[in-house]
Amino acid sequence: MNESLIRIAARKEVLVAQAASQRRVLAQSFDAWRKPLALADRGLQAIHFVKSHPVLLAGSVLLPGAMQPGRVGKWLRR
């Protein structure tokens, strides 16, 4: 009985070491993707915001058209 427990404990140690090694390799591989994925995540957040606030989008599109033509140029130069 003790011999089988010793084998199981040894196997567990090997598996834990392999898992730790695999986690390190995965973390190193993911580092190159961290910035592009963060940018994509921000883009998705912006899309969700626009979907939940369509009035803001419509207002920002219509505002320059509602202003007087001469004021639009001055406003855009800022």
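How many salt bridges does a search of the whole structure find? The search finds 1 salt bridge, a term that stands for a side-chain nitrogen of Lys or Arg within 4 Å of a carboxyl oxygen of Asp or Glu. The side chains of D31 and R34 form this contact, with a distance of 3.1 Å from N to O. D31 is partly exposed because its relative accessible area is 46%, and R34 is partly exposed because its relative accessibility is 45%. In these terms, buried means under 20% relative accessible area, exposed means over 50%, and partly exposed lies in between, with a 1.4 Å probe and protein chains only.

The model is predicted: local features need pLDDT of at least 70 and side-chain atom pairs count only at pLDDT 80 or more, while totals for chains, interfaces and linings use all residues. Residues are numbered from 1 along each chain as its sequence is written, and side-chain values use heavy atoms, with hydrogens and water left out.

The protein has 4 helices and 0 strands, in the pattern α-α-α-α along the sequence. Helices (H or I, at least four residues) and strands (E, at least two) are DSSP runs, numbered from the N terminus. The mean pLDDT, the predictor's confidence in each residue from 0 to 100, is 86 for the protein, and 85% of residues reach 70 or more. Confidence is highest in helix α1 (residues 2-31), at 94, and lowest in α4, at a mean of 67. Where pLDDT is low, the predicted coordinates should not be read in detail.

Of the 78 residues in the protein, 1% are buried. The accessible surface is about 7400 Å², and carbon and sulfur atoms account for 65% of this area. Accessible areas come from the Shrake-Rupley method with a 1.4 Å probe; for residues, only the protein chains shown count as cover.

A nonpolar patch on the surface is formed by F49, V50, L56, L57, V61 and L62, which together have about 580 Å² of accessible area. Two or more residues of the patch come from each of α2 (34-52) and α3 (54-66), and α3 gives the most, with 4 residues. Patches are made of residues with over 30% relative accessible area and no salt bridge; like charges are joined within 9 Å, and nonpolar side chains (Val, Leu, Ile, Met, Phe, Trp, Tyr) within 5 Å. L56 lies in helix α3 and counts as exposed because its relative accessibility is 52%.

L76 belongs to helix α4 (residues 69-77). L76 is exposed because its relative accessibility is 59%. The C-alpha atoms of L76 and P64 are 9.0 Å apart in space, and the two residues are 12 residues apart in sequence.
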